Amino acid sequence: MTSPTTTPAVTQIPITKPYLGEEEIAAVAEAIRSGWVAQGPMVAKFERLLAERLGVEHVVATSNCTTSLHIAMICAGVGAGDEVIVPSFTFIATANAVLYAGARPVFVDIDPRTYNMDPTKVEAAITPRTKAIVPVDQIGLAAELDPILEIAQRHGLRVIEDAAPALGATYRGRPIGSISPVTCFSFHPRKSITTGEGGAITTNDAEIAARARVLRSHGASVSDLARHNASHVTIEEYDELGYNYRMSDIHAALGTVQLTRLDEILAKRQHMAERYNRLIAQIPGVSTPSAPDYAPHTYQSYCVRLDPEQCAPRDEVMERMLQLGIATRRGVMAIHEEPYYVKRFGTVSLPVTEEATRQTILLPLFYEMTEEQQDRVVEALHTTVRA
Ligand SMILES: *Cc1c(COP(=O)(O)O)cnc(C)c1O
């Protein structure tokens, strides 16, 4: 049998690869041996460790960041007829969560340097129906939170921060997750640390945390763990429509080990990204990510921009890179251009987002990536970008 012709001749460099070791395997095995595999003591432990790490009062772990965002919308009172201000230059889940809550996403454009929501464009998007603003810490760089929080305060709006790709990021020296009234994280393998699938809501508001715990577990007034630990028979009640958005103890066990690696992972990513910055600076027409004065970049993804005047078309570059055994991804999608959103909401014009989504590429970056692999990526980029 001959191998399929689509197999690249050289070893493939993946876009990313989670950093997992024997400790993770042992922790997952331990969770299985304990007999408690659904949401239980390990989830509680993971929440406690994450709260300590971020310096926040409450952490509510969920099945993924999308379900965290949905719960956060409900806790913010977002419902039918409301509008929620979101960037379009983000993963589709940011806006989908608004739709799940029955509200309408109102897209605002981004700052072309940070790729995050442009705070100067937020106020023009506010209407009497606006309920909340969702800043996104895109690809690991904190959004410009202070002006957004200030606008929200002035207009009586809620802020739900989508920090899915930004665990470990900081804004003006403070950890993301401890700043906005509600922040949501993802532990998908594409993010800084992983639980397989997983998410979390962080807040200093005890009422929001309590309601989020109820909503993630069918709306039940008593959790399985509390019932298990109770000395008397406890019958739960269902006061509102809830969901099964729980994280399992198997996932949380993985997360407790991954959390101990967070600093090491972030340091390595930063080192590799800075190395990319230096090497790619030599390639004409390709610009490297910029970081503003208020936040260091944590490089959940390494995003370069191709100047269309000097480079081959972006998709062509991606195809040529793939032929050289190097996986890339388009930068970040523009949600307002996706067919479902066009069908439902018609055309929206966001020039900065539209240009950014067409000109950006994500390059491979992962903990175990070697400098030799990185050199191969840079060389390949150098040869493939030429028009
Ligand atoms: C990854 C991501 C999500 C979705 O996270 P899941 O855990 O996969 O649901 C949402 N928003 C942004 C900005 C993301 O990058």
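Here are a few friendly notes on the predicted model above, covering its domains, their interface, the ligand site and the salt bridges.

1. Ground rules first. This is a predicted model in which local features need pLDDT of at least 70 and side-chain atom pairs count only at pLDDT 80 or more, while totals for chains, interfaces and linings use all residues. Residues are numbered from 1 along each chain as its sequence is written, and side-chain values use heavy atoms, with hydrogens and water left out.

2. Two domains. The chain is assigned domain 1 (22-259) and domain 2 (262-384), with bounds taken from an automatic or database domain assignment. Their C-alpha centres lie 26 Å apart. Domain 1 puts 42 residues into the contact and domain 2 puts in 35, where contact means heavy atoms within 4.5 Å.

3. Interface area. About 3,400 Å² is buried between domain 1 and domain 2, 63% of it on carbon and sulfur atoms. Buried area here is the accessible area (1.4 Å probe) that two parts lose on being put together, summed over both.

4. Polar links across the interface. There are 14 residue pairs in polar contact between domain 1 and domain 2, both residues at pLDDT 80 or more. A polar contact is a pair of N or O atoms within 3.5 Å; within protein, one must be able to donate a hydrogen and the other to accept it, and residues adjacent in sequence count only if both atoms are side-chain atoms. On the side of domain 1 that touches domain 2, the residues split by class into 22 nonpolar, 10 polar (Gly among them) and 10 charged (Asp, Glu, Lys and Arg).

5. Salt bridges. The count between the two domains is 1 salt bridge (a side-chain nitrogen of Lys or Arg within 4 Å of a carboxyl oxygen of Asp or Glu). Asp263 pairs with Arg53 in a salt bridge, their closest N and O atoms being 2.8 Å apart. The overall count comes to 24 salt bridges. One of them joins Lys131 to Asp82, with the closest N and O atoms 3.9 Å apart. Lys131 is in strand β4 (residues 130-133) and Asp82 in the loop between α3 (65-75) and β2 (83-87), so this pair ties together parts 49 residues apart in sequence. Helices (H or I, at least four residues) and strands (E, at least two) are DSSP runs, numbered from the N terminus.

6. Ligand site. Cys65, Thr66, Asp162, Ser186 and Lys191 come nearest among the 14 residues around the ligand (a heavy atom within 4 Å). A polar side-chain atom of Lys191 lies 2.7 Å from a ligand oxygen atom.
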